[in-house]
Amino acid sequence: MDITITAPSKSKRNGFRDSVSERLRRMFSRFSHRIASVDIALTDVNGLRGGIDKQCRVSVRMPGIGEIATTAKDESPWAAVAQATRRARRKVLTKLKRPRSQRERYRRNRWSDSDTLEE
């Protein structure tokens, strides 16, 4: 699992990138073998004006499934990253739980219907 973090230069000096990559490794460790790469982009939307303007975009690329992207905005960059990574993890989980094809979905429905008829 490759992790790429794009953030403003301010976040380089306080270990922000290291802690974000560690958070990602922990959150996606259960299915890291299914993830090709994770990209995080942190931007300051309003510039120096302040307010709820830190935006974090998390993109997860999974072979066979595609790209999953989430965004979050908050006052703090830490909170924006936390929200976006939680959303991305939830989306990855739902994608992995879904049947892979219509044929598999049909097969599951057919078997579950026949089980209820026999009872």
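Visitor: Which residue in β4 is the bridge partner of V60?

Guide: This is a predicted model, in which local features need pLDDT of at least 70, side-chain atom pairs count only at pLDDT 80 or more, and totals for chains, interfaces and linings use all residues. Residues are numbered from 1 along each chain as its sequence is written, and side-chain values use heavy atoms, without hydrogens and water. Strands β3 (residues 54-62) and β4 (residues 66-74) run antiparallel and are joined by nine bridges; strands are DSSP runs of E, at least two residues, helices runs of H or I, at least four, each numbered from the N terminus, and pairing takes at least two bridges. Within β4, V60 has as its bridge partner I68.

Visitor: Is S59 buried or exposed?

Guide: S59 lies in strand β3. Its side chain makes a polar contact (N or O atoms within 3.5 Å, one able to donate a hydrogen and the other to accept it; sequence-adjacent residues count only if both atoms are side-chain atoms) with the side chain of E67 at 3.3 Å. Buried means under 20% relative accessible area, exposed over 50%, and partly exposed in between, with a 1.4 Å probe and protein chains only. At 6% relative accessibility, S59 is therefore buried.

Visitor: How are α1 and α2 oriented to each other?

Guide: The axes of α1 (residues 16-27) and α2 (residues 77-97), lines fitted to C-alpha atoms over the stretch in contact with angles from 0 to 180 degrees between N-to-C directions, come within 11 Å and cross at roughly 20°. Angles under 35 degrees count as roughly parallel, over 145 as roughly antiparallel, 65 to 115 as roughly perpendicular and the rest as oblique. The two helices are therefore roughly parallel.
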